[in-house]
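My notes follow in the order I looked things up.

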Amino acid sequence: MIEVALSGGVDSVVLLHVLNALREQRGIVLKAVHVHHGLNEQADEWADFCRTYCISLGVPLRVEHVTVKPNSRLGIEGEARKQRYRVFSDGLNKVVALAHHQNDQVETFMLAALRGGGLRALSAMPALRALSADVHIWRPLLAIPRAALEQYALENGLNHIEDGSNEDSAFLRNWLRNEALPVWRQRIPNIDRHIIGSIQSLQNELAVLNEIVEQDYAAVCENGLFDIERWKLLSKPRRFQQLLHHAKLNDLGIPRSESVENFSRILEAAENPVGEWSLPKGKMYAYRQRLFACPNGWEQAFPWLRNEESDKGHLKDILLKNGFTLDSRLFGICEEMLEESCVIRAANTDDVIELAVGRKNVWKILQEYKVPPFVRRYWPIVTDSQNRCIAIANILVSVHYGCRNGSMVVFSKFNQFVLEPKQR
């Protein structure tokens, strides 16, 4: 299934027309989406145009309204693009076809150069890339100049809309398109061909870089966690790429170069670095030679933090409801205790658990198991009706509520935080 992003401009009108002509021959299931930004007084008319055009082709269309708020970092254009891609990544379709053409590719390269972009930015737009785990962006027109698309529209009698804001040279891309590039093309008639050739070379080099980054990442994370000691064995440029890659894989946003360099220096300076790195969409924490990635709002995925009455009940039932499992352990919770009324909540600093000899503070036990400080305040414990600690999830069961060959309460996502597991 292919969904075409239909703005109503000549490029997207032509793309939808071409794919529609091929859909029976190629067995394509074709749809279209129009993103209504509400930024232009003609926005409603553009949506109506797209509806009429899709009806004429017999192509289903969805119109998605988005709100574009001013963003000092991205600007209006950047924020509008962000909202479009949010719509494209909604998972309703496997492939979203965009009508970027050769002229767009040249402009993207030049903008990256003017803004001081690196290899990834200068590589401009790939013809195919993953937008998410389920959605791919496809740009089939990148090799075709805009003039050829306009000629196709003329020959096939295709109407399209003209966005007057494209003439406003206050926007850098418009200035580049309308003023700068025409002058350069007069001076260097083959400049577009040269730039496209450079982009192809850069994309090949980027592919090699990505292979090296993947290989390095596999070595750094050989034991399943980002190992800072292994990371330090890499050269400085490769260490830089690993921090970028780790942030990207964990959806923490793309940091500025100086931010990466500053955090890299923190990790390099200490034998056992401890630090916190703020990123656009979350944080990374360095602790005990490990690097942990935490997206903004990550704690909202912990159901025991809701403190709802519905989370109380028979232990076996509330464990299942809240995403826990029961793992067999040499010493664990007795079977009969699983039928008792219990509560799952976050550990407090004054909670204690009974041991074979005496009792110990729960937070002290978390510290002994090398649980990172930033996650201790979220750590789940099981308490009985008298608020006595029965078990510390993933770690320990009270001597008064356990037995040989019993069960351990486990929240699997927290296994990575137990850096010094012990058998008790």
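I take a contact to mean heavy atoms within 4.5 Å. The model is predicted, and I kept that in mind throughout.

**Entry 1: Ile392 and the cores.** With that cut-off I listed the partners of Ile392, leaving out residues up to four places away in sequence. Ile392 touches Ile353, Val362, Ile365, Leu366, Trp379, Pro380, Ile381 and Met408. I then looked up the largest nonpolar core, which has 48 residues. Ile392 is among the members that touch the most other members, together with Ile333, Val375, Trp379 and Ile395. Strand β17, residues 389–392, gives the most to this core, with four residues. I also found a second, separate core of 26 residues, and its members include Ile2, Val4, Val14 and Leu57.

**Entry 2: overall form.** I counted 14 helices and 19 strands in the protein. The radius of gyration came out at 28 Å, whereas the globule rule gives 22 Å for 424 residues, so the protein is more spread out than a compact globule. Along the principal axes, the C-alpha atoms fill a box of roughly 85 × 50 × 40 Å. Buried residues make up 44% of the 424 residues. I took the contacts between residues at least 6 apart in sequence and found that 66% of them join residues at least 24 apart.

Entry 3: I located 51 positive and 51 negative charges, and their mean positions are 6 Å apart.

**Entry 4: Leu16.** Is Leu16 buried or exposed? Leu16 has 0% relative accessibility and the cut-off for buried is under 20%, so Leu16 counts as buried. Leu16 lies in helix α1, residues 10–26. Beyond residues up to four places away in sequence, I listed Val4, Leu6, Leu30, Lys31, Ala32, Tyr53, Cys54, Leu57 and Val59 as its contacts. Of these, Val4 and Leu57 are named in the second core.

**Entry 5: two histidines.** His36 is in strand β2, residues 30–36. At 8% relative accessibility, His36 counts as buried. Leaving out residues up to four places away in sequence, His36 touches Ala43, Asp44, Ala47, Val63, Glu64, His65 and Val66. His245 lies in helix α10, residues 236–249. His245 is also buried, with a relative accessible area of 11%. With the sequence neighbours up to four places away left out again, I found that His245 touches Val213, Glu214 and Tyr217.

Entry 6: Most residues other than glycine have a negative phi. I noted two residues with a positive value. Which loop holds Ala124? Ala124 is found between α5 (119–122) and β5 (128–130). Its phi is near 60 degrees, and with 15% relative accessibility Ala124 counts as buried. Lys370 also has phi near 60 degrees. I placed Lys370 in the loop between α13 (362–368) and α14 (373–376). Lys370 is buried, with a relative accessible area of 16%.

Methods: Residues numbered from 1 in each chain as written. Predicted model: local features only at pLDDT ≥ 70, side-chain atom pairs only at ≥ 80, totals over all residues. Heavy atoms only, no water. Core = buried A, V, L, I, M, F, W, Y, C linked by side-chain atoms within 4.5 Å. Buried < 20%, exposed > 50% of the residue type's maximum accessible area, 1.4 Å probe, protein only. Rg over C-alpha atoms; globule rule 2.2 N^0.38 Å. Lys, Arg positive; Asp, Glu negative; His and termini not counted. Charge placed at Lys NZ, Arg CZ, Asp CG, Glu CD.
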